Amino acid sequence: MLYYTGIEEVIFSKHELLSEEPDELIIISGYLGPAPIERLSELKNMKITVIGGMYSSGIDARLLSSLEKIKNENKSLTIRFTNQEIHSKIYIWKFKGKILSALIGSANFSSNGLRTDYRESLADATRDTFNPLNIYCDFILEQSSDTPPIKSKQNVIDITTPKVAEAAEIYNIKHSVDIPLYSVRGGKKQVAKSSGLNWGRARLTSNAHVAAGDAYIRLPKKILKNNQALLKPFDPDFTTPDGKRKRNSDPIELIWDDGTVMEASLEGVQNFNEKKYPKQLASFSSKQPILNGERISRKSILGRYLRNRLGVGVDEEITIETLQNYGRDTITLSLIEEGLYYADFSI
């Protein structure tokens, strides 16, 4: 069978459909994203090995630190990196060393690879390929290690303790920009009362279909002027086979300066240089988020996270004074690799 939509859920539910309960999952992926790797903790009673294949010339120190943190919190998880470039994307379920099922295709084990419908695909491997798959998998494991090289000119450092002023030098950042959490009106900085960080408060004064804590970060055009490589334009010609759906959001992952991993998406549309770019950043969740036993909005993950850091309640208005008291009114967003960003809100 061929899968080109909902690939992430296919991978995370595959074990439930097999004739035997697998005791091992092996994932071989060119590039890795911390969000789906963190989600692997949902899979119980299963040994899991994830192999990154495209980091032989160096991995970003922030990504490696995030992956190490996730690995240390999941005793069933092993993460390895190949010593030569491997671009394969293979997912193998085993029981007592025997392959039960496998998926092969183009989808990296990252949010960008698993959640971009119609762009990537995976197909069930036939049984006659299981023996060659075993041979190939053993070869890749033999050519891998626990410690990949760090990208040139980067230092190995705990991502939860960098100083903002030194960040660009520490990580050799090429595509990085400060995104304001405010707008300027009449020469004064202001935080919108019912949009942006305060989007969820719109429900208190209108019939807006938002939930407590909902928030987004506006991506003004000036950041595109300063660093066009930070964000990719949308494909204006993309449609589904039935001609109905056009892509107007891109799944991404954020690694925050305190080590938090967050699924997110670049949403909305704004025109720049005759191309269509996303106009805001919002949180996302592959599963229904629950807080203190209650379901919360996927869009509130970002808002609740920032409110917690700012020390304000879920319905309290965030003002420019709130940001000034915190000590910062921007978030530095830098590109690690396609679909993966580092977000710095440290002071």
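Predicted model: local features only at pLDDT ≥ 70, side-chain atom pairs only at ≥ 80, totals over all residues.
Local features need pLDDT of at least 70 and side-chain atom pairs count only at pLDDT 80 or more, while totals for chains, interfaces and linings use all residues. Residues are numbered from 1 along each chain as its sequence is written, and side-chain values use heavy atoms, with hydrogens and water left out.

Side chains of opposite charge can pair when their charged atoms come close. The whole structure holds 21 salt bridges (a side-chain nitrogen of Lys or Arg within 4 Å of a carboxyl oxygen of Asp or Glu). One of them joins Lys14 to Asp124, at 2.6 Å from N to O. Lys14 sits in the loop between α1 (7-13) and β2 (24-29) and Asp124 in strand β7 (residues 122-124), so this pair ties together parts that are 110 residues apart in sequence. Helices (H or I, at least four residues) and strands (E, at least two) are DSSP runs, numbered from the N terminus. Lys14 is buried, at 8% relative accessible area, whereas Asp124 is partly exposed, at 25%. Here buried means under 20% relative accessible area, exposed over 50%, and partly exposed in between (1.4 Å probe, protein chains only).

A salt bridge also links Arg62 and Asp60, with 2.7 Å from N to O. Arg62 is buried, with 1% relative accessibility, and Asp60 is buried too, with a relative accessible area of 5%.

In the salt bridge between Glu338 and Arg119, the closest N and O atoms are 3.6 Å apart. This pair links distant parts of the chain, 219 residues apart: Glu338 lies in the loop between β20 (330-337) and β21 (340-344), and Arg119 in the loop between α4 (111-114) and β7. Both partners are partly exposed, Glu338 at 48% relative accessibility and Arg119 at 32%. Elsewhere, salt bridges with shared partners join Glu8, Glu9, Arg39, Glu42 and Lys287 into one network.

The next topic is the largest pocket. A pocket is an open set of points on a 1 Å grid over the protein atoms alone, where a 1.4 Å probe fits, with protein on both sides within 12 Å along at least five of seven lines; lining residues have an atom within 4 Å of a point. The largest pocket has about 530 Å³ of space, and among its 21 lining residues Glu38, Val261, Ser285, Pro289 and Ile301 lie nearest its centre. At least two lining residues come from each of α2 (34-39), β14 (261-267), β18 (290-291) and α9 (300-310).

Notes: Points joined across faces, edges and corners; volume = space filled by probe spheres on them.
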